[in-house]
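Dear colleague,

I am passing on a structure that you have not worked with before, and below it I have set out what was found. Please read the notes with the sequence and the model side by side.

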Amino acid sequence: MALFLLLLQQPISSFYSLLSSLTLLFLLSLQCKVASSAIILSLRHHHNQLHHQRPMIHANQTNCEVFMGTWVRDGTYPLYQSSNCPIIDPEFNCQMYGRPDSDYLKYRWRPLNCDLPRFNGVEFLLGMRGKTVMFVGDSLGRNQWQSLICMISTSVPQTQTQLVRGEPLSTFRFLDYGVTISFYRAPYLVEIDVDQGKRILSLEKLDGNGDAWRSADILSFNTGHWWNHQGSLQGWDYIELGGKYYQNMDRLAALEKGLRTWANWVDTNIDKSRTKVFFLGISPSHNNPSEWNTGATTTTTKNCYGETEPIIGTGTTYPGSYPDQMRVVNMVIREMNNPAYLLDITMLSAFRKDAHPSIYDGDLSPGQRANPDYSSDCSHWCIPGLPDTWNELFYTVLFY
């Protein structure tokens, strides 16, 4: 009423000018609200569509599908420099260990019909004040853990921190905010024990690991790569299932059984009203150039070594063969009583053949670096790099 009386007292020209300004402010406010609503609706839709075997596409152009889209060049990236983040492990620190190009750092993920909000480390710390975020899984989870710490640290360079590395638990604390960000190494999620010198992968046991997870406010799980290892890289001597021991079994069947044990543990032990649970989708490798050189008559590429540009496409078609492991992940999460939120990074990561450490890995010897056909790491990711986008999506789900 007071605003209305004030308007009546103004000259007619001032009245229309003020009315025009108010209208513009209202439209701008509405536009921002609509943009945020599109992201929220997309995230809710994706959470409710976990049954898909391939990522779903919205036909309604007013909606935003954050896990579908394309990579675009953006000169404001990367969000931080590796030289300013001492937590990065040598195997992920590509710039420190001689990678000659840097264009792979200049790409931003643009979802269909919207943009992701810019990551804000201060907002993350304020929103998580007094809480614990824990990543649980294999070295891809460690990739994401270190990326998130770097992204936050660059926003608060003067804050007090503490790092405690251990096995299986490593912890980084932002002391001024009471925020703890941890990584718990459990590459299978289920337990692996040693009995009479033999490593036993127990597909139906998890409680020993789970005791350390219950207190976290945010839990982000991942698994996948270790289930495929063969020969000397295989992580077990025997698999235990139903009281019987096997030297080997179908890897997808073993993954499914292990994931069902994990899912049952989450449903039974986690109070979803207090703890948010995420699952990171399968991170694709780029060891087979036929998946991105379709139609090429000749290629000298043996793996991801030498790749400096992402696959640029429509963002709606998966390059190569969609991972069977993701079909298992989708199925198990869909059937949970309280489904974890699937951070479905598989397709957007598949486009990034350029973002792996390759031979620029501080753990490789000079002789190994000289033989990229056999030594290139095409499974992990450089930091800064692709895991930053995983964390931008993680941030979006948590705060928008």
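Two strands are said to pair if DSSP finds at least two bridges between them, and the elements themselves are DSSP runs numbered from the N terminus, helices being H or I with at least four residues and strands being E with at least two. This is a predicted model, in which local features need pLDDT of at least 70 and side-chain atom pairs count only at pLDDT 80 or more, while totals for chains, interfaces and linings use all residues. Residues are numbered from 1 along each chain as its sequence is written, and side-chain values use heavy atoms, with hydrogens and water left out.

Hairpins

Strand E5 (residues 169-174) takes part in two hairpins, for E4 and E5 form a hairpin with four residues between them, and E5 and E6 form another, also with four residues between them. In the turn between E5 and E6, Gly 178 has a positive phi of about 65 degrees. Strand E4 (residues 161-164) runs antiparallel to E5 and is joined to it by four bridges, with Val 164 standing opposite Thr 171 in E5. E5 and strand E6 (residues 179-185) are likewise antiparallel and are joined by six bridges, and Ser 170 has Phe 183 in E6 as its bridge partner.

The chain as a whole

The protein chain has 11 helices and 13 strands. Of its 400 residues, 51% count as buried, that is, under 20% relative accessible area with a 1.4 Å probe, protein chains only. Of the contacts (heavy atoms within 4.5 Å) with a separation of 6 or more, 76% are between residues 24 or more positions apart.

Cavities

A search of the whole structure finds two cavities of 30 Å³ or more, a cavity being a set of points on a 1 Å grid over the protein atoms alone where a 1.4 Å probe fits but cannot get out, and lining residues having an atom within 4 Å of a point. The largest cavity holds about 90 Å³ of space, the volume being that filled by probe spheres set on the points. Its lining has 13 residues, of which Tyr 77, Leu 105, Tyr 107, Gly 385 and Asp 388 lie nearest the centre, and helix H11 (residues 386-399) gives the most to that lining, with four residues. The second largest cavity holds about 40 Å³, and among the residues that line it are Asp 138, Asn 222, His 225 and Ser 283.

With best wishes

Notes:
1 Å grid on protein atoms, 1.4 Å probe; cavity = no way out; pocket = protein on both sides within 12 Å on 5 of 7 lines; lining within 4 Å. Buried < 20%, exposed > 50% of the residue type's maximum accessible area, 1.4 Å probe, protein only.
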